[in-house]
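Reader: I would like to go through this model term by term, asking what each label rests on. Could you set each value against its definition as we go?

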Amino acid sequence: MRSSLAPGIRLITSFSRDSGYRGFTLFLTFLFYTSYHLSRKPISIVKSELHKNCSTLIRPPNLNGTDNETWCDWAPFDQDNYQTLFGAVDNSFLVAYAIGMFFSGIFGERVPLRYYLTTGMLLSGLFTCLFGLGFYWNIHSIWYYAFVQAMNGLVQTTGWPAVVACVGNWFGKGKRGFIMGVWNSHTSVGNILGSLIAGVFVSSAWGMSFIVPGIIIASTGILCFFFLVEKPEDVGCSPPQHHEDNEKEPLLQNSSVNEEIFSSPGLSNSISSESTEEHTEAISFCGALRIPGVMEFSLCLLFAKLVSYTFLYWLPLYISNVAHFDPKEAGDMSTLFDVGGIVGGVVAGLVSDQTGGRASTCCVMLIVAAPMLFLYNHIGQHSLGTTIGMLLVCGALVNGPYALITTAVSADLGTHESLRGNSRALSTVTAIIDGTGSIGAALGPLLAGLISPTGWNNVFFMLITADILACLLLSRLVYKEVRGWCGHSPRQRGFKEI
């Protein structure tokens, strides 16, 4: 009898076969992208070890050289322009990532996702390890570290479009904002784990701060090859419904503006001629750009990601310089920003599901983030409690909109009803949005490296300006959503009339 079954077994058997596979896919993709971010984080932790204040340390008597200020630094980062060099290393990764992202989605729709992710994680593990091996091989060339970072940035573009496309294949709209908000915590979890792992080795042998994460991401690549299921149809599960005829929850209503956007002869003819049959061809780059909302959210993400990645790469060094923590303590403290990011992503997804306003949710969080960044810079280091509280709040407000746009918004736009069931558009749309955002991710750390010698106040003014610009870029979409709430158009979950 069923009543005699153990409680744990009853719980397991209560899930359908489809639910089991969906949960397993969600867990795997969470694990995969956690490893991607885990392998990106060490450089921000190691910076404060590559260049530190040597005058406060005891110099070994048998050490050659006479410079008491830089004897403990790692060349070439022992120079006065070390911040510029750090910015160059960061941007080698981020510029390659931004450029590669625009092509990654196109490849991701034409290559099996399992092979694509596996190859990307194995290569990323290789290049992450090569950066760490520079410590053991005693390499002091800036060109070596810049090249390794550039190659790592290129292969890391395999991750995001592929995992979002995979999750989009398994989950319909429903509570996509909440589900993907929870799922997107992999970004912050990866950053936290990367900081903690790098912090263990940073003061003794910083090369291991890269080698261990490199081994981890390569191992998850092998796991991907053996266990990832790309589509429900591959294992006989029912596919999710992205659009319904009655209840619908369409991503964007077919407004007159939509018709205008899709009024070009090539696009409108293709849509009308294929309205009753499912697309089998991958969408073109220009076709994806014409989807309503893609441009606004892409440009908004550019500035939102600029702020987020500046914190990702420079926060430990800022804490070390301003609060005078050692490298490990600064790295551990910086993880609080990512803890706040987890909460922010979940809250943003939940609120946008309940209100139906993706753009409005992002806009409100961005508006509040600007004064919080100002306060953190001015009072955030007054006490340990203030530092912890401000890092948590700033992390939630900065990463909330970033998480919402890169997950639920990208998936919504990639399954837009105007695509008439073309399931192969999701990877390209995701790549366009995240690729545009990655331009900001490259600019942020670069600008921080150039501006920080003039004072950290100027860096924070730059971040506040970027937040305000991100908010302004969503103003048209927010206006449409507010009009919908006021009864000027039917209220629906997801995006309103665009």
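This is a predicted model: local features need pLDDT of at least 70, side-chain atom pairs count only at pLDDT 80 or more; totals for chains, interfaces and linings use all residues.

Reader: Why is the contact of Lys47 with Asp90 called a salt bridge?

Author: The term asks for a side-chain nitrogen of Lys or Arg within 4 Å of a carboxyl oxygen of Asp or Glu. The closest N and O atoms of Lys47 and Asp90 are 2.6 Å apart, so the pair meets the definition. The helices named here are DSSP runs of H or I with at least four residues (strands are runs of E with at least two), numbered from the N terminus.

Reader: What makes Lys47 buried or exposed?

Author: Buried means under 20% relative accessible area, exposed means over 50%, and partly exposed lies in between, with a 1.4 Å probe and protein chains only. Lys47 has 0% relative accessibility and therefore counts as buried, and Asp90, also at 0%, counts as buried.

Reader: How many salt bridges are there, and what does the one between Glu296 and Arg476 connect?

Author: The structure holds four salt bridges. In the one formed by Glu296 and Arg476, the closest N and O atoms are 2.4 Å apart. Glu296 lies in helix α14 (residues 294-323) and Arg476 in helix α20 (residues 475-485), so the pair ties together parts that are 180 residues apart in sequence. Glu296, with a relative accessible area of 15%, is buried, whereas Arg476, at 33%, is partly exposed. Another salt bridge joins the side chains of Arg358 and Asp353, at 3.1 Å from N to O, and both of these residues are buried.

Reader: Why is the pair of Tyr33 and Trp160 called tilted?

Author: Rings of Phe, Tyr and Trp (its six-membered ring) pair if their centres lie within 6.5 Å, and planes under 30 degrees apart count as stacked, over 60 as edge-to-face and the rest as tilted. A search of the whole structure finds 28 aromatic pairs. In one of them, Tyr33 and Trp160 are 4.8 Å apart from centre to centre, with 55° between the planes, so the label tilted applies. Tyr33 belongs to helix α2 (residues 17-40) and Trp160 to helix α7 (residues 159-170), 127 residues apart. Tyr33 is buried, with a relative accessible area of 3%, and Trp160 counts as buried at 3% relative accessibility.

Reader: Which residues are in the aromatic cluster, and where is Phe210 found?

Author: One aromatic cluster includes Trp74, Phe77, Tyr82, Trp206 and Phe210. Phe210 is found in helix α10 (residues 208-227) and is buried, with a relative accessible area of 3%. The C-alpha atoms of Phe210 and Arg40 are separated by 8.9 Å, although these residues are 170 residues apart along the chain.

Reader: How do you know that the charged end of Lys47 sits over the ring of Trp314?

Author: The definition asks that NZ of Lys or CZ of Arg be within 6 Å of the ring centre and within 35 degrees of the ring normal. The charged end of Lys47 sits over the Trp314 ring at 4.2 Å from its centre, and that of Arg114 sits over the Phe225 ring at 5.0 Å from its centre.

Terms used
Residues are numbered from 1 along each chain as its sequence is written. Side-chain values use heavy atoms; hydrogens and water are left out.
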